[in-house]
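Trainee: Could we go through this structure together? I would like to know what stands behind each label.
Mentor: Happy to, let's have a look.

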Amino acid sequence: MKIMVCLKQVPHQDARLDVDASGTWIQEANIKFEINSYDTYALEEALRVKDDTESEVVVVSIGPDRTTQALRTALGMGADRAVHINDDEANGSDALGIAKILAAVAKEENPDLIFMGLMSDDGNFTAVPPMLAELTGVPHTTAAVGLSRANGTLTVEREIEGGATEVVELSTPCLVAVQTGLNEVRYASLKGIMAAKKKPLDVKSVSDLGLSGSVGAASAKVSIEKIAPPEKGDSAELIEGSTDEIVGTLITKIKELGLL
Amino acid sequence: MGSILVVTEIQNGEIREASYELASIAQGIASGSGREVKSLVAGSGVGSLAEAFASKGGGTVLVADDDALANYNVDGFNAAIRAAVDEADADLVLISNTPSGWDVAPRVAAGLDAGFVGDCFRVEVEDGSFSFHRRIFNGKLDAKINAAPGKIVATIQPGAVAPFEGSTEGSTQPLSVDFPDARVQFKEIKTSESTGVDLSKADIIVSGGRGVGAPEKFPETIQPLADALGGAMGASRPVVDAGWLPHPYQVGSSGQVVQPKLYIAAGISGAIQHLVGMKASNFIIAINKDPDAPIFEVADVGVVADLFDIVPALTNAVSEAKG
């Protein structure tokens with residue numbers, strides 16, 4: 001079994017988010033990055049398959065030099081090999097452009113399974129997994145909160161609304177986009193981190209994948225015009241003062257609601 | 001000029017409210033963009049639903065009526081939407097950002113080699129081209145996204161706009177769809193087992209988020225306030241993901257959608273998926289250390305402070321007030 005796991009390195013969830021000079025993204029200098037939370041569950045699920053069936057886990061990420069750290073972390077957790085698409089020509093790609101790059105990698109790797117997160121913590125697009133599945137011609141499902149495997153068939157519980165789940169079955173080769181909370185994600189052990197230094201990490205360019213001129217900003221069908229803090233519409237009336245004063249005001253409000 | 005295609009969604013035998021919200025967006029931008037509104041109603045035995053939708057903002061309604069569409073399955077709905085896009089000559093396709101919407105919409109976009117924008121709360125038309133407003137970084141920033149000329153598929157956040165309520169002249173026409181074999185087989189829906197946690201009936205909910213910091217702090221700090229007020233305890237997604245509380249406590253689009261008389265959010269920053277689940281509450285009090293937390297936008301009253309200073313003191317004050 002060969003499993004491809006697509007990872008994105010994103011700003012740490014507690015990182016300070018300041019808009020950069022272009023107004024189209026955040027200032028990335030001097031902030032910490034981490035593996036997208038959703039993708040950590042995807043990687044864990046792949047490593048669990050590897051734990052009980054002989055498998056190769058290949059992690060793939062698109063990004064600048066800093067992305068190496070995310071891939072090394074994934075190798076430290078137990079992935080076998082990494083592919084890093086590090087090319088300025090990929091910059092400004094929209095979700096479809098990213099899916100095209102990953103599809104080109106998938107074509108080279110020919111995995112039985114592709115695992116990835118449902119969305120990224122930065123863009124929150126929820127777009128790339130179904131796109132990648134369409135471009136590679138495999139079935140997919142999203143928001144997996146439970147997963148079991150038997151004889152090439154995956155039974156996936158996907159999260160729907162109101163606390164319910166929907167059970168679907170699909171056969172390999174296929175793609176599963178996972179929801180957070182699917183499993184308990186392992187940490188890289190010291191031994192794992194040492195071993196990771198010797199594991200292969202291939203760096204590829206967009207042209208290595210035969211995609212020169214078809215991804216990146218010039219080919220993007222959608223682009224960010226600007227980002228900004230959300231408009232403060234009818235934002236909250238802020239209550240200030242000492243703890244006693246604040247609590248007193250809250251009690252008054254709750255009484256006004258007729259709930260005390 | 002092409003059309004704007006509204007992809008409706010059927011839930012419990014009805015066209016869901018989110019579909020009327022799509023109709024509202026489509027009707028609002030149709031004339032400005034020189035496009036007409038068309039819709040897709042896809043399901044099994046949906047003829048009368050389609051008729052009704054045609055007169056309530058749906059415009060020309062394409063009806064895909066087939067047993068293959070009795071339950072959501074990505075292959076069947078992908079085929080139906082693709083057929084509708086062709087038939088309607090649509091260059092903007094609107095789909096609700098629901099569990100089935102986010103599952104199929106990007107696949108449709110990739111198949112069309114079209115642009116895609118996910119989870120938008122506003123769509124605008126300027127000089128005939130479309131732009132989209134959406135949140136990024138889990139609600140902490142807003143982004144305006146522009147679409148290049150050509151087809152575009154957008155998913156829309158349920159509840160972002162008011163549903164269409166007028167009446168329109170519309171018509172229905174059958175849509176023929178070539179269904180592929182379903183490679184993703186629907187098996188069953190599992191509803192959450194009864195756990196005694198029914199937040200939907202609570203008048204008062206006190207929810208804790210990542211800011212609560214540790215699982216034992218819920219029974220120590222959050223539950224006592226809920227108990228003092230005679231309410232129930234809830235939580236945000238990260239709390240459930242971390243295993244601090246079981247899933248039935250989760251408030252949000254993937255958990256319980258609640259509408260209590262009073263909702264107190266403690267240590268919850270306010271990711272969109274949480275806000276969707278609680279913003280219809282009658283009165284919201286938010287307590288968070290971060291003054292920029294998105295929760296303050298939907299709250300009626302905000303306290304920028306450490307929840308561990310405020311919540312225990314509030315619990316005592318409530319108990320005293322009740323005598």
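Mentor: The lining of the largest cavity divides into three nonpolar, three polar and three charged residues. Keep in mind that this is a predicted model.

Trainee: Which residues line the largest cavity?

Mentor: The lining is made up of A:Pro11, A:His12, A:Gln13, A:Leu17, A:Asp121, A:Asp122, B:Phe137, B:Asn138 and B:Lys140. A:Asp121, A:Asp122 and B:Lys140 line the cavity, and they count as charged because Asp and Lys belong to that class.

Trainee: What is the volume of the largest cavity?

Mentor: About 70 Å³. The count comes to three cavities of 30 Å³ or more.

Trainee: Now chain B. Why is the pair B:Glu297 and B:Arg135 called a salt bridge?

Mentor: The closest N and O atoms of the two residues are 3.5 Å apart. The cut-off is 4 Å, so the pair qualifies. The rule finds one salt bridge across the interface of domain 1 of chain B and domain 2 of chain B.

Trainee: What is the make-up of the side of domain 1 of chain B that touches domain 2 of chain B?

Mentor: That side has no nonpolar, four polar and three charged residues.

Trainee: How much area do domain 1 of chain B and domain 2 of chain B bury between them?

Mentor: About 590 Å², with 56% of it on carbon and sulfur atoms. B:Arg135, B:Asn138 and B:Gln157 supply 55% of the area that domain 1 of chain B buries against domain 2 of chain B, more than any other three residues.

Notes
Residues are numbered from 1 along each chain as its sequence is written. Chains are lettered from A and ligands numbered from 1 in the order in which they are written. This is a predicted model: local features need pLDDT of at least 70, side-chain atom pairs count only at pLDDT 80 or more; totals for chains, interfaces and linings use all residues. Side-chain values use heavy atoms; hydrogens and water are left out. Buried area is the accessible area (1.4 Å probe) that two parts lose on being put together, summed over both. A salt bridge is a side-chain nitrogen of Lys or Arg within 4 Å of a carboxyl oxygen of Asp or Glu. On a 1 Å grid over the protein atoms alone, a cavity is a set of points where a 1.4 Å probe fits but cannot get out, and a pocket is an open set with protein on both sides within 12 Å along at least five of seven lines; lining residues have an atom within 4 Å of a point. Grid points are joined across faces, edges and corners, and a volume is the space filled by probe spheres set on the points.
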